[in-house]
Amino acid sequence: MRILTLSLIAMGVIGFCIHYAIALVILNKEIKPSVGMLYPRESETREVRSLDGLWNFVKSDPTNPTQGVRDRWFADDLSRVQETIPMPVPASYNDITTENELRDHVGTVWYDRKFFVPRSWADKQRVWLRFGSVHYEAFVYINGEMVVRHEMGHLPFEAEITNFLKFGEENRITVMCDNALIQTTVPQGKITEVSRDNGVAIVQTYSFDFFNYAGIHRSVHLYTTPLTYIEEMEITTDLSKDNNVGLVYYKVKTNGTAANEAENNLYVRIQLRNKEGKIVANETSNSDLKGVLEVQKVMPWWPYLMHPEPGYLYQMEVFLHGVNNVLHDVYRIKVGIRTLRWNNTSFTINSKPVYFRGFGRHEDSDIRGKGLDLALMTRDFNLLKWIGANAYRTSHYPYSEESMQFADENGIMIIDECPSVDTENFKQELLDKHKSSMEQLIHRDRNHPSVVMWSIANEPRTNQLNAGSYFQYVANYTRELDPSRPVTAAIAVPSSDDKAAKYLDIISFNRYNGWYSNSGRLDMITKRVIDEATTWFKKHNKPVIMSEYGADTVEGLHLLPSYVWSEEYQTELFSRHFRAFDTLRKESWFIGEFVWNFADFKTAQTVTRVGGNKKGIFTRNRQPKAVAHLLRQRYFALGREVDQCNFPEDLFTYIADVRPSRNAKHDTTDL
């Protein structure tokens, strides 16, 4: 009996080991690519209508999140099945009301509204419904029929709804949104049941340090295309002959079929116009719908402060023709012509070395949460230019398409990051979704000249088992999708423990000396930053960026001598980092410094966060703290040294006209 028991135990142990070993194996599976998703633009052949505005809104019972699906709330007006409240779209729903239950809600919510479709849209056209972003998962119904489901917040999705519409009549759109994050979502989270005073609470926890805002975050559009239409465009650029000739490579993909017309009868006519509207290049493709435009005396796309006219954009006009030169579709897109190169010690744009000076940021504001806010976005770009930044990272998720367009036009370089933050527990399902998030991001943003780098994660637990093979798959997949840009990730673990950096093209690291480590010790910053950056380079022989540093600061808190949380401490901490960066800049492989954070932002409720994360150099309502003026002087000083830009007239405040006395002795160190 004893022997049998031991045998059963041994078999159980072996079975567990086999199951555990299988769970550890992750495979590089194929990912279904996204299609379409061109930004909605009107043209001779397309119409665009916005569905933004006040929608009807219902919050589900957190303990019964699927009730609305079972009871078919989508089959009728929400107001007929539940009491509704008005909810603005786009916006996060969390901070709109005064209720704790909605701010901290976990699970599903429902939106609906009515809209009309003109009779004219029924005539030989397709009608599309497009969402800029719904966080985290969306189920969309038109007139009671499901038309699309999408998982992955911060990224767009669309569906053709021609056959679901009633033309010339009223229609209804219903959206169910689920904000729950689990271990196989991107980003990850956990759902638990916790007892409370009058029952059980459904609690969402996550390790990332920003609030899990949810809802219909970006604009909702209806738009039309012809039956045969331009579905996708892929544009890459290069420069030759000392940057005097620009090359624009294009690939066009079409869909649909015209009556009695074979696909090989289609061709595209391409025109490129400069800012004055003059045609500077044109070409007619073969049936493969691809080719190259050559632009003489080209105006390259330059980052802010690297050229007197940064962010120069051409307009590409694409005309899709068929049999007998019939015009089917027209689409226009802005194009910036530039070239990127990198090696083990440098990153260049248009053959000129780049030194990144910028920020980690968040899409975050009072009341609206992560909802698209064009006024706030415009203010942010004005502040970026005021302070002399040339770049930012979309930490820790893709930002709105409108902000990407703004970056193109203003010459602000972007490190474009997918929603993978604090990634751990590296399993197959998570890998598949992680790769899908990169595919959707690259598909959306590949044509933006402002995007100069892909970031595949922020602070992943790259010291864990399986992290090496996991990030090797993600990095290689990213390169397959777009070999024209380098791959990075913001690493937080020490270089001695990390398993992922060797698969990156550029090493980015986050470290909070003087804050999370050695709090209050300003004398323990400079050398540590220099030593860690040098260690990363020596280990991997790749360019290095410090992608996060900073300190929480309560605006208006002044303490002398400086003390943590005071504006004086933040200023001195930055200054100690500046000393390290200037030492590192003497080494060509150190190519950038990014502050955390651009502005204060909301987080989950914890005792270490007073109303949110206060590491911004601007307040949450975008007013400067004391350190903003110091950083502005540094960024413009770097701009003048590296890029030969001019100082703004108001950069330095007049102090005094001090002239040396006859007997005074001075040297250059006095300044």
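## Confidence along the chain

Over residues 13–23 the pLDDT stays under 50, and for this stretch the model has two contacts beyond four places in sequence. The structure is a predicted model, and its protein chain averages a pLDDT of 93, with 93% of the residues scoring at least 70. Residues 1–11 also have a pLDDT below 50, and beyond near neighbours in sequence this stretch has zero contacts in the model. Where pLDDT is low, the predicted coordinates should not be read in detail.

## Two annotated spans

UniProt, in an unreviewed entry, lists residues 48–226 under "domain: Glycosyl hydrolases family 2 sugar binding". In the model this span is 4% helix and 46% strand, and its end C-alpha atoms lie 13 Å apart. From an unreviewed UniProt entry also comes the annotation "domain: Glycoside hydrolase family 2 catalytic", which is given for residues 344–636. The span 344–636 is 35% helix and 16% strand, with 27 Å between its end C-alpha atoms.

Ser-43 is placed in the loop between helix H1 (2–24) and strand E1 (48–50). With a relative accessible area of 16%, Ser-43 falls under the 20% cut-off and is therefore buried. Leaving aside residues up to four places away in sequence, Ser-43 touches Val-330 and Arg-332.

## A three-stranded sheet

Three strands form an open sheet in the order E22-E23-E24, and their pairing is antiparallel. Strands E22 (340–342) and E24 (352–353) stand at the edges with a single partner strand each, so one side of each has no neighbour in the sheet. Strand E23 (residues 347–349) pairs with E22 in the antiparallel sense over three bridges, and Thr-348 in E23 is the bridge partner of Arg-341. Strands of a sheet pair through backbone hydrogen bonds, either parallel or antiparallel.

Helix H6 (residues 428–445) has 18 residues and reaches 26 Å from its first C-alpha to its last, close to the 26 Å expected at 1.5 Å a residue. Because 16 of the 18 residues of H6 are buried, this helix is largely enclosed by the rest of the structure.

Helix H10 (residues 626–643) has 18 residues, which should span 26 Å at 1.5 Å a residue, and the 26 Å between its end C-alpha atoms agrees with this. The buried residues of H10 include Val-627, Ala-628, Leu-631, Tyr-635 and Leu-638. An α-helix has 3.6 residues a turn, so residues three or four places apart point the same way. The partners against which the buried residues of H10 pack are E24, strand E25 (356–360), helix H4 (374–387), helix H9 (567–585) and strand E32 (590–595). After H10 comes Gln-644, whose phi is positive, near 60 degrees.

## Aromatic rings

The count of aromatic pairs in the model comes to 39. In one of these, Tyr-549 and Phe-574 form a tilted pair, 5.1 Å centre to centre, with 55 degrees between the planes. This pair links distant parts of the chain, 25 residues apart, since Tyr-549 lies in the loop between strand E31 (544–548) and H9, while Phe-574 is in helix H9. Tyr-549 counts as buried at 0% relative accessibility, and Phe-574 is buried with a relative accessible area of 0%.

One aromatic cluster is formed by Tyr-206, Phe-208, Phe-210, Phe-381, Tyr-392, Tyr-397, Tyr-399 and Phe-406.

Technical notes: Residues are numbered from 1 along each chain as its sequence is written. This is a predicted model: local features need pLDDT of at least 70, side-chain atom pairs count only at pLDDT 80 or more; totals for chains, interfaces and linings use all residues. Side-chain values use heavy atoms; hydrogens and water are left out. UniProt positions are given in the numbering used here, feature names are shortened, and annotations may be inferred rather than shown by experiment. Helices (H or I, at least four residues) and strands (E, at least two) are DSSP runs, numbered from the N terminus. pLDDT is the predictor's confidence in each residue, from 0 to 100. Contact means heavy atoms within 4.5 Å. Two strands pair if DSSP finds at least two bridges between them. The expected span of a helix is 1.5 Å times one less than its number of residues. Buried means under 20% relative accessible area, exposed over 50%, partly exposed in between (1.4 Å probe, protein chains only). Rings of Phe, Tyr and Trp (its six-membered ring) pair if their centres lie within 6.5 Å; planes under 30 degrees apart count as stacked, over 60 as edge-to-face and the rest as tilted.
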